Amino acid sequence: MLRGIDVSEHDGAIDWPQVAQHGQQFAVIRSSYGLYSVDERFAYNYEQAGEAGLLRGVYHYSYALNDADARAEANHVLSVLGTRRPTMPIWLDMEDADGYKARHGFVFSR
C-alpha cells in the first residue's frame, strides 16, 4: 500500500524533502477550483513534490452543478496542467465543503 498526502494552498509552505523522508510516496495536489481559479501554490507544489521523488496526482475542487459545468472544469484542469504529465490520476473533487452546491440546488446522487 502506498502512503500519501493531499495538499492545496491552504497548507502553506511544504517541506517536500521532509514529506518524502517521513515515508510519503505520493502527493495529490490541488491544481484549480471552479471555472477559472488556479491554486496559487500548484506549480510550486507540483514541481517540488516531483523533485522530492514523490508520485504526483492532481485534483480540482469542483463547483460544477451539471454535466456542462463539469466538462468546462475538466478542460480548465487540462489547461492548468499544460505540458505536465502526472504520474497518478486526475480527480474531480465533488464535495461541498463550503455549501455552494447545496445553496444552488445541487443534489448528490449516484
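Reader: On what basis are residues numbered and features counted here?

Author: Residues are numbered from 1 along each chain as its sequence is written, and side-chain values use heavy atoms, with hydrogens and water left out. Because the model is predicted, local features need pLDDT of at least 70, and totals for chains, interfaces and linings use all residues, whereas side-chain atom pairs count only at pLDDT 80 or more.

Reader: How many salt bridges does the structure contain?

Author: A salt bridge is taken here as a side-chain nitrogen of Lys or Arg within 4 Å of a carboxyl oxygen of Asp or Glu. Under this rule the number of salt bridges is 3.

Reader: Which residue forms a salt bridge with E9, and where do the two partners lie?

Author: Helices (H or I, at least four residues) and strands (E, at least two) are DSSP runs, numbered from the N terminus. E9 is in the loop between β1 (4-7) and α1 (16-21), while its partner is in strand β2 (residues 26-33), 21 residues apart, so that the pair links distant parts of the chain. The closest N and O atoms are 3.6 Å apart, and the partner of E9 is R30.

Reader: Is R30 buried or exposed, and what is its relative accessibility?

Author: Buried means under 20% relative accessible area, exposed over 50%, and partly exposed in between (1.4 Å probe, protein chains only). Both E9 and R30 are buried. R30 counts as buried because its relative accessibility is 7%.

Reader: Which residues are joined with R30 into one network of salt bridges?

Author: The side chain of R30 also meets that of D39 in a salt bridge, at 2.8 Å from N to O. D39 counts as buried because its relative accessibility is 2%. The salt bridge between E47 and R84 has an N to O distance of 3.3 Å. It links E47 in helix α2 (residues 42-51) to R84 in the loop between α3 (67-81) and β5 (90-93), 37 residues apart; through shared partners, salt bridges join R30 into one network with E9 and D39.

Reader: How are the rings of Y63 and Y100 arranged?

Author: The structure holds 4 aromatic pairs, where rings of Phe, Tyr and Trp (its six-membered ring) pair if their centres lie within 6.5 Å; planes under 30 degrees apart count as stacked, over 60 as edge-to-face and the rest as tilted. For Y63 and Y100 the centres are 5.0 Å apart and the planes stand at 90°, so the arrangement is edge-to-face.

Reader: Which residues form a cluster through ring pairs?

Author: Y63 lies in the loop between β4 (55-61) and α3, and Y100 in helix α4 (residues 100-103), so their pair ties together parts 37 residues apart in sequence. Y63 is partly exposed because its relative accessibility is 22%, and Y100 is partly exposed because its value is 24%. The cluster linked by ring pairs consists of Y61, Y63 and Y100.

Reader: What is the distance from the charged end of R56 to the ring centre of Y46?

Author: A charge sits over a ring if NZ of Lys or CZ of Arg is within 6 Å of the ring centre and within 35 degrees of the ring normal. R84 lies over the face of Y46, at 5.7 Å from the ring centre. The charged end of R56 sits over the ring of Y46 as well, and its distance from the centre is 4.1 Å.

Reader: What is the handedness of the crossover from β4 through α3 to β5?

Author: Two strands pair if DSSP finds at least two bridges between them; β2 and β4 run parallel and are joined by 7 bridges, and β4 and β5 run parallel with 4 bridges. H60 has L92 in β5 as its bridge partner. A crossover is right-handed if, with the strands pointing away from the viewer, the path from the first strand over the helix to the second runs clockwise. The β-α-β crossover from β4 through α3 to β5 is right-handed.

Reader: How many of the residues of β4 are buried?

Author: F26 stands opposite L55 in β4. The strand β4 is mostly covered, and of its 7 residues the number buried is 6.

Reader: With which residues is I14 in contact, leaving aside its neighbours within four places in sequence?

Author: I14 is in the loop between β1 and α1 and is buried because its relative accessible area is 13%. Contact means heavy atoms within 4.5 Å. Leaving aside those neighbours, the contacts of I14 are V7, V19, R41, Y44 and N45.
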